[in-house]
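Hi everyone, thanks for coming.

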Amino acid sequence: MKRKPIRETKPHKPVPLDSLVAASAQALGLTLDPSWQAGVKFNLQLILRHAALVDEFPLPDDAEPAAVFHA
Amino acid sequence: MNSPSPTTPNPQPYFMLDTPATDFDFSTASETATAVASGRTSAVRVVEATLARIRERDPVLNSFTAMTEHRALLRAEAVDATRARGEPLGPLAGVPFAVKNLFDVTGLPTLAGSKINREMPPATRDAALIERLETAGAILVGALNMGEYAYDFTGENIHDGASRNPHDHDRMTGGSSGGSGAAVGGGLVPLALGSDTNGSIRVPSSLCGIFGLKPTYGRLTRARTFPFAASLDHLGPFARTARDLALAYDAMQGFDADDPACARHPIEPVAPLLEQGADGLRVAVAAGYFKCNSGETCYAIDRVSAALGANRDIEIPEAERARSAAFIITASEGASLHLNRLRTRARDFDPAVRDRLLAGAMTPASLVVKAQKFRRWYRDEVLKLFTDVDAILAPATPCTAPLIGQQTFMFGDTELPVRANLGLYTQPISFVGLPVVAVPVPLVPLPIGVQIIAAPWREDVALRLAHALETKGVVAAMRPAI
């Protein structure tokens, strides 16, 4: 069986995140050194790419979250 | 599934069963406990040799952040006194062990790999699993290096330095339980404890060539350990044999009201079942997302699957999406845990961890909840697979140990960042709390692990298969050549 591609490794169109980072930092009371911006944006972009993959998956309205998993 | 191997297999296991024990160097926990119980040696002698070995070798491996020498010798004297009185000893009597430094150890601050936690007051009580192992006769000798706040797959730590792979000191142990991998793989202790949120037991087990057990979510109590992502955090043992894993696991089972996620599940000892072997167990190989993608991983999967007669593939549905959901939940729960420290002490974090946590704090809640909803769907689908099979095999890591400081590795034709991707095969499994034993396939120059994945609460299946593979000489924790 052919391996499915790992999607995070595909080229992505950069998402402008400066405003989201600035607004989130202000709302959460976080102070970001300017030198951290690039690292934070890189990681936020990575999270949002993963989130997009999850978000596109169709779930019914009555889907229950599994915040704590009980086997 | 046949694939060429670029490395030379060396399936000859190293055991000391027929060698007169002198300092119990590289002996297993089982051998040590048997020797102490029989009087062939004493617990004090074992502990003294262990402490000397750590002092001699750990300046290279950098696996320990604290030693508990005085306490260990007192405990050893107590074990020997118990034997002298003719009273029964526990199944781990005289066995030295160490714990990732996110476990509370009385008298020590619980570092969790951080600089910030060094200012915490010393713990006033041991973590529950330490208490349970010591009740079984084991003896704590120290606390182990780890990636900061467990948000790590490398074993590197900016504050304490990288733990070093026992098979090549220039290479990573894997993380975040890097010290646990180095200490057990390097022969400093036969047994260690670690945590696994997304792969932090299985990744260092793979890179250091040892056995690791991540039990079912909720099986082992996490009481009095420093958390990371609560809905994903597991604790478990590292050892150099499957039997040692089983002995430690059996000693640690049982409900504990001090961990809200600890399940009211009966204690189910596994050690007495190991000799049942693989007979009657249906084993398949994970395909699709888990398809091996390097010479080493393919060779390892081929050897293990052939030995277990696993001649069918099975698709774990939406595994890539599950990994993504685990990624989001981890970032969000981790950020929530550290939010106040990010506000007040951001400069005291490892920058690589800080930036990930800050990004996690900024992740929209609606996406996190969606990931938790997907998690339940995925869990239901994965559980269906276990009506047809008893265990599933998958690679533990996508590569053997990278060099310390290495930023990327080749995954097929694609270059991936090391820090975020060493756990790409482990994340979709722990995401729904399945029990896994990582078994070491001894390759030269570096070992690599295979995950044996079982249904919830069936640690016995995974450990039986691990023991069967060991008996066949297919998997083994090798004594480092250096």
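Let's start with strand 2 (residues 64–67) of chain B, which pairs with strand 4 of chain B in the antiparallel sense over three bridges. Pairing here needs at least two DSSP bridges between two strands, and strands are DSSP runs of E with at least two residues, while helices are H or I runs of at least four, all numbered from the N terminus. One of those bridges links Phe64(B) with Leu144(B) in strand 4 of chain B.

Quick housekeeping: this is a predicted model, where local features need pLDDT of at least 70 and side-chain atom pairs count only at pLDDT 80 or more, while totals for chains, interfaces and linings use all residues. Residues are numbered from 1 along each chain as its sequence is written, and chains are lettered from A and ligands numbered from 1 in the order in which they are written.

Back to strand 4 (residues 139–144) of chain B: strand 3 (residues 96–100) of chain B pairs with it too, in the parallel sense, over five bridges. There, Lys100(B) has Leu144(B) as its bridge partner.

Now helix 1 (residues 29–38) of chain B: seven of its ten residues are buried, so the rest of the structure largely encloses it. Among them are Ala29(B), Glu31(B) and Val36(B).

Definitions and conventions. Buried ≥ 20, exposed ≤ 12 C-beta atoms within 10 Å, placed from the backbone.
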